[in-house]
Amino acid sequence: MLTKEDLEHLAELARIELKEKEEKKLQKDLSSILDYFQELQKVNTENIKPMTGGTDLVSVVREDFLGKTDDTGKGPEAFPEQERGFLRVPPIF
Amino acid sequence: MHLHDLTIKKFHQGLLNKEFSALEITQDFFNWIEKKDQEIGAYLSLNKDLAVRQAEEADLKIAKNEPVSLLAGVPLAVKDNLLIDGLPATAASKILKDYTASYDATVIKKLKSSGAVFLGKTNMDEFAMGSSTENSAFQQTKNPHDLTRVPGGSSGGSAAAVAAHLAVAALGSDTGGSVRQPAAFCGVAGLKPTYGAVSRFGLIAMASSLDQIGPFAKTVEDAAILFKEIAGRDAMDSTSSPQADSYGEELFNPKLEDIRKLKVGIPKEYFAGGLEKEMGAKIDEVVKAIKSLGLEIKAISLPHTKYALSCYYIIMPAEVSSNLERFDGLRYGTRQKADSLLELYKKNREAGFGEEAKRRIFLGTFVLSAGYYDAYYAKAQKVRRLIKLDFDEAFQDVDVILTPVTPTPAFKIGEKTADPLSMYLSDIFTIPANLAGLPAVAIPIKAKAGLPVGFQLIGKPWREADILGIGQYYEKL
């Protein structure tokens with residue numbers, strides 16, 4: 001069973017404010033889902049290589065190239081708050 | 001020409017024979033959408049201005065007798081997690097409510113150059129997380145065959161749009177069944193391509209090792225045509241494969257003598273418990289029909305099938321929790337008031353994400369966190385390998401695997417929302433193909449009455465031609 005403290009720790013890691021009314025439901029749902037996952041412990045995976053992605057392609061390396069541009073594309077237009085094309089954020093500390 | 005009768009193939013012929021113009025048909029669709037979509041709720045936003053321009057361009061080419069592609073002027077619907085430059089792309093999430101895409105997804109770029117027309121963006125489960133489209137932050141899409149039932153999900157809007165003749169065909173995305181399951185529930189064809197066949201550039205990522213964009217269509221032939229158009233290696237998606245450039249016309253012009261040589265496997269694990277009697281009987285009918293085409297049928301075993309659901313619901317949320325980190329409310333969407341950056345993140349994400357998105361972020365964060373990583377995430381990756389090896393072995397014996405798409409027909413709206421696990425179980429037959437990266441197609445089972453259900457054909461990697469080929473001959477029976 002996932003404890004209240006566990007849940008609060010996860011909320012901190014996930015950067016999601018936890019509302020009290022959601023907490024109980026989330027705790028119950030996650031616990032029952034995690035219980036269901038226990039069946040995997042029955043599978044013998046000794047000497048099995050983990051499958052870490054959807055493809056067997058290997059990473060390719062390309063030459064770096066140096067360039068200069070001030071073209072930021074249309075991305076900044078979507079910023080909720082901006083200044084001269086830069087993203088405005090509240091103070092970090 | 002009645003919209004109900006339109007397939008890509010018929011539209012193309014009608015356009016070439018000047019029976020109608022692309023503009024006329026596009027306007028007919030918008031008129032029909034205005035009337036019909038009030039009850040279906042398939043579209044989140046419409047794209048009248050651009051659509052009319054696209055249709056006019058197609059008509060101009062026809063008028064000048066210029067060569068046009070099969071997709072020229074064809075009115076399509078697009079799932080709202082695919083970016084079309086200048087149009088909203090909300091992924092049905094509040095956190096992207098006001099977001100406008102600033103570029104075209106690769107599939108959109110390809111379809112634009114083929115001259116296709118985009119009618120609008122379709123409803124979905126938030127960030128493609130769900131099996132019923134009930135997790136949309138904005139509206140409930142209804143199953144056109146029974147308005148009290150779900151259209152399936154997560155691409156429920158696209159499936160319902162095609163089924164209700166609100167588009168000729170559509171695009172969706174499939175991470176654990178999100179094209180095939182709604183296709184089966186709505187009685188249309190839906191394809192999940194081989195992982196790496198279609199570029200994911202411009203698809204709002206859910207679980208990157210599983211996501212593939214795929215077509216919905218009224219016929220398997222149309223799905224094949226649309227798939228051919230969007231497939232291909234793309235420098236903007238490093239997981240798209242060079243093999244994706246080698247698809248040929250056999251996709252939609254299959255030869256019966258080739259199809260007859262294929263061996264079809266029936267995995268016993270898909271029929272063990274949980275399958276409704278009626279569904280079993282319908283699959284038997286399909287098997288008989290396929291046998292009558294001259295194909296050999298063989299019983300096979302995929303022993304790790306029963307672990308696929310757990311495996312998927314560990315790997316997918318793990319990838320979700322990291323892919324959704326980017327939605328911090330800073331760069332897109334609506335921003336909450338806060339005094340510090342940390343507080344801003346927490347408030348934005350609390351207010352922006354719905355219940356299921358949060359549940360999966362928490363789940364993913366848990367399975368990746370220190371102390372649990374090995375027991376959950378690393379274990380699931382090993383089980384994923386075993387599931388893949390099951391298929392590799394089966395494909396030594398057979399060319400194609402036949403299963404149901406879902407254990408039941410479409411369920412009632414609200415039936416499974418209280419219990420997430422029961423909702424997850426509705427993807428039980430579609431998930432293995434995503435875990436193993438295999439192509440799989442959902443095809444409506446022929447029936448005189450009742451709710452639609454589908455059968456699934458899973459193929460070897462890069463052999464969409466086999467599963468689509470069998471589907472096209474089944475359709476003609």
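**A covered helix and its surroundings**

Mentor: Begin with B:H165, which comes just after helix α5(B) and takes a positive phi of about 60°. Before going on, please keep in mind that this is a predicted model, in which local features need pLDDT of at least 70 and side-chain atom pairs count only at pLDDT 80 or more, while totals for chains, interfaces and linings use all residues. Residues are numbered from 1 along each chain as its sequence is written, and chains are lettered from A and ligands numbered from 1 in the order in which they are written.

Helix α5 of chain B spans residues 156-163, and eight of its eight residues are buried, where buried is defined as having 20 or more other C-beta atoms within 10 Å of the residue's own, exposed as having 12 or fewer, and partly exposed as lying in between, with C-beta atoms placed from the backbone. The buried residues are B:G156, B:G157, B:S158, B:A159, B:A160, B:A161, B:V162 and B:A163.

Helix α4 of chain B (residues 106-113) has B:T106, B:V107, B:I108 and B:L111 as its buried residues, and these pack against β4 (169-174), β6 (212-217) and α7 (220-230) of chain B. After α4(B) comes B:G115, with a positive phi near 90°.

Another place to look is the pair formed by helix α2 (residues 22-40) and helix α3 (residues 48-63) of chain B, which pack at about 155° with axes 8 Å apart; axes are lines fitted to C-alpha atoms, for helices over the stretch in contact, and angles run from 0 to 180 degrees between N-to-C directions. That angle makes α2(B) roughly antiparallel to α3(B), since angles over 145 degrees count so, those under 35 count as roughly parallel, 65 to 115 as roughly perpendicular and the rest as oblique. From α2(B), B:A22, B:L23, B:T26 and B:F30 meet residues of α3(B), including B:K48, B:A51 and B:V52, and the contact holds seven nonpolar, one polar and three charged residues. Here Ala, Val, Leu, Ile, Met, Phe, Trp, Tyr, Cys and Pro count as nonpolar, Asp, Glu, Lys and Arg as charged, and the others, Gly among them, as polar.

Stepping back, chain B has 16 helices and 11 strands, which are DSSP runs numbered from the N terminus (H or I over at least four residues for helices, E over at least two for strands). Its radius of gyration is 21 Å, close to the 23 Å that the globule rule gives for 477 residues, so chain B is as compact as a globular protein of that length; this radius is taken over C-alpha atoms, and the rule is 2.2 Å times the number of residues to the power 0.38. Buried residues make up 60% of chain B.

Chain A has two helices and two strands, in the order α-α-β-β from the N terminus. With a radius of gyration of 23 Å, well over the 12 Å from the globule rule for 93 residues, chain A is more spread out than a compact globule, and 13% of its residues are buried.

Finally, 40 residues of chain A are in contact with 53 residues of chain B, contact meaning that their C-beta atoms, placed from the backbone, lie within 7 Å. On the chain A side, α1 (4-14) and α2 (20-37) each give two or more residues, and α2(A) provides the largest share, seven residues. That side divides into 23 nonpolar, eight polar and nine charged residues.

Terms used:
Two residues are in contact if their C-beta atoms, placed from the backbone, lie within 7 Å.
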